[in-house]
Amino acid sequence: MIILWACISCKKQKKTPPEKVPITPKEELLEVQKKIPEREINIYYDTSRWYNILDLDPSIQIDIRYATENNFVGEIMYDCGECFLRPEVAKAIVKINKDVKEKGMGGIKIFDCYRPRPYQQRLWDRVPDQRFVSPPSKGSMHTRGAAVDLTLLDKEGNELDMGTDFDSFEKEAYHNFPHEPHILKNRSLLKSMMYKRGFKHISTEWWHYSYTLQNYSLSDWVWECNND
Ligand SMILES: [Zn+2]
């Protein structure tokens, strides 16, 4: 009888899950770093507020267009291009990149992430028109670190045909524009991947998605640049 009891108790013990060790955001990033030794992570930023997406997944393609002249203003608006997001948002984006790759595709390509309010101010000073830019006082989901502008890549790394370039203000950029079926299919694929991880779209920009599972405040913090 004692032996039987001992066995039951032993079985029960085995089923108990191991206690979860609490991990800070910085520890989490350092854990990630161990898996990607080729990237030297410089965690100078507050990891309770921000993650640099490339510190989580360096395979994600980044082309921050406002750090180049290839944007609707035609001028460099950011001192340098980095993709910072709120930690939960960044982790959701990493999952999306993985989801896309599991479909045999090349992953995602990001055009814009967190936009610090000082940079929003620069855009507003250059284009003070609410049809194209949110006033810095009002801000946007980008200024909260909760929006991402992105597209999908095929297995060769080429951007899928979405009907227009990023930041087109034409009607062709709207979700309801009657494009050819292959374009609608590409957009619908991006949309379904984003919704699965808690993002929602806006009607006028096929590339823009906002995270819905948490609220964040506007931020003035600007990342560091080494533009020597
Ligand atoms: Zn956007």
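The model is a predicted one. The chain holds six helices and seven strands, which follow one another along the sequence in the pattern α-α-β-α-β-β-α-β-α-β-α-β-β. Of its 228 residues, 29% count as buried, and among the contacts between residues at least 6 apart in sequence, 66% join residues at least 24 apart.

**Helix H4**

- Helix H4 covers residues 87-102, and its 16 residues reach 23 Å from the first C-alpha to the last, which is close to the 22 Å expected at 1.5 Å a residue.
- The buried residues in H4 are Val-89, Ala-90, Ala-92, Ile-93, Val-94, Ile-96 and Asn-97.
- An α-helix has 3.6 residues a turn, so residues three or four places apart point the same way.
- Just after H4, Gly-104 adopts a positive phi of about 85 degrees.

**Packing of H4 against H6**

- Two packed helices are described by the angle between their axes and the distance between the axes.
- For H4 and helix H6, which spans residues 181-196, the angle is about 135 degrees and the axes lie 9 Å apart.
- The crossing in which H4 passes H6 is right-handed.
- On the H4 side the contact involves Ile-96, Asp-99 and Val-100, which meet Met-193, Met-194 and Lys-196 in H6; by type, the residues of this contact divide into four nonpolar, no polar and two charged.

**Arg-115, in the loop between S4 and H5**

- Arg-115 lies in the loop that runs between strand S4 (107-112) and helix H5 (117-126).
- Arg-115 counts as buried because it has 28 C-beta neighbours inside 10 Å, where the cut-off for a buried residue is 20 or more.
- Leaving aside residues up to four places away in sequence, Arg-115 touches Gln-120, His-142 and Thr-143.
- Phe-84 is 31 residues from Arg-115 in sequence, while the C-alpha atoms of these two residues are 8.5 Å apart in space.

**Asp-167, in the loop between S5 and H6**

- Asp-167 is placed in the loop between strand S5 (147-153) and H6.
- Although Asp-167 is not a glycine, it has a positive phi of about 65 degrees.
- With 19 other C-beta atoms within 10 Å, Asp-167 is partly exposed, because a residue needs 20 or more to count as buried.

Key. Residues numbered from 1 in each chain as written. Predicted model: local features only at pLDDT ≥ 70, side-chain atom pairs only at ≥ 80, totals over all residues. Helix = DSSP H or I, 4+ residues; strand = E, 2+ residues; numbered from the N terminus. Buried ≥ 20, exposed ≤ 12 C-beta atoms within 10 Å, placed from the backbone. Contact = placed C-beta atoms within 7 Å. Expected span 1.5 Å × (residues − 1). Axes fitted to C-alpha atoms, helices over the stretch in contact; angles between N-to-C directions. Left-handed = near helix turned anticlockwise from the far one by under 90°. Nonpolar A, V, L, I, M, F, W, Y, C, P; charged D, E, K, R; others polar.
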